[in-house]
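Here are a few notes to read alongside the model. Have a look at it first, then go through the points below.

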Amino acid sequence: MSLEIVGLKKSFGTKVVLNKISFGLKKGEILFILGRSGTGKSVLLKNIVGLLKPDDGQIILDEKEISKLSEKEYFPIRKRCGMVFQQPALFDSLTIYENLAFGMRKHFPKLSEQEYRARAEKYLQMVHLENVEEKLPQQLSFGMQKRASLARTIAIEPEYLLYDEPTTGLDPVTTTAINQLIQQLSRQLNVTSVVVSHDMKCALDIADRIIVLSEGAIVAEGTPSQLKTSEVPLVKEFLKEVLEGGSQ
Ligand SMILES: Nc1ncnc2c1ncn2[C@@H]1O[C@H](COP(=O)(O)OP(=O)(O)OP(=O)(O)O)[C@@H](O)[C@H]1O
Ligand SMILES: [Mg+2]
């Protein structure tokens, strides 16, 4: 099992957002992708899960190029590569339980209603949500919706989890809980994780490897301890913000 991004290029009009990005993922690792707002982090994740198509380059899953597949061919890949969106993308008119069950019914059609219920409860507990099954998304706070959205993705039990700013907008206690969950999924279930963030502190705490993006290119890459001694100006800025206690 492997995922490889090779020479990925994506522009909108004349604006080049990603300019030949290449990196690979090791099984079970937690890779953080850091970058300032607007550097193309969300665009990168959307290209990996097929919501955007690259202009050039390849996305290779288990030695197979997947970026040119049709929507239908992408279906099994969405089960394997789950994405947690930056904005909680819940269906407004469905209860939290139905939101979770929706994905499970699609990807595990043979389970019983009782099993969907049990799984929903298990994954909601993992994100520290209780007694929300019968609530509608708008009855929950932003942070709770974000966690419900995370639970919906992990309930599909993907091999790869792509998190788009999973802790932005959450309080420090919940942030720690989500970071622990990312680690737990990686260590216990061998899930391979890509976490997009601008929070260097979270990256130093839980990443196995960090990539820093700027102006469409990778400007630094390494383990947390390697990045701590980096001379790259943007990395130094991020590190300074950690010392000052800021995350933005
Ligand atoms: N569908 C789109 N059409 C046109 N331009 C887009 C589209 N999606 C993203 N962009 C542009 O691509 C650039 C990168 O956007 P992206 O959302 O990936 O940034 P980001 O790194 O995720 O930022 P943030 O940290 O604020 O979430 C931005 O200039 C944005 O305006
Ligand atoms: Mg983004």
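1. Start with the largest pocket, which has a volume of about 450 Å³. Of its 17 lining residues, Arg78, Phe85, Lys106, His107 and Arg152 are the closest to its centre. (On a 1 Å grid over the protein atoms alone, a pocket is an open set of points where a 1.4 Å probe fits, with protein on both sides within 12 Å along at least five of seven lines; lining residues have an atom within 4 Å of a point.)

2. A quick word on the source: this is a predicted model, where local features need pLDDT of at least 70 and side-chain atom pairs count only at pLDDT 80 or more, while totals for chains, interfaces and linings use all residues. Residues are numbered from 1 along each chain as its sequence is written.

3. Who builds that pocket? H3 gives the largest share of the lining, four residues. (Helices are DSSP runs of H or I, at least four residues, and strands are runs of E, at least two.)

4. Now find the magnesium ion (ligand 2): its protein donors are Ser42 (OG) and Gln86 (OE1), 2.0 to 2.3 Å from it. (Donors are N, O and S atoms within 2.8 Å of the metal, or 3.2 Å for Na, K and Ca.) Ser42 sits in helix H1 and Gln86 in the loop between strand E6 and helix H3, so the pair ties together parts 44 residues apart in sequence.

5. Buried or exposed? Ser42 counts as buried at 17% relative accessibility, and Gln86 is partly exposed at 29%. (Buried is under 20% relative accessible area, exposed over 50%, partly exposed in between, with a 1.4 Å probe and protein chains only.)

Key
Chains are lettered from A and ligands numbered from 1 in the order in which they are written. Side-chain values use heavy atoms; hydrogens and water are left out. Grid points are joined across faces, edges and corners, and a volume is the space filled by probe spheres set on the points.
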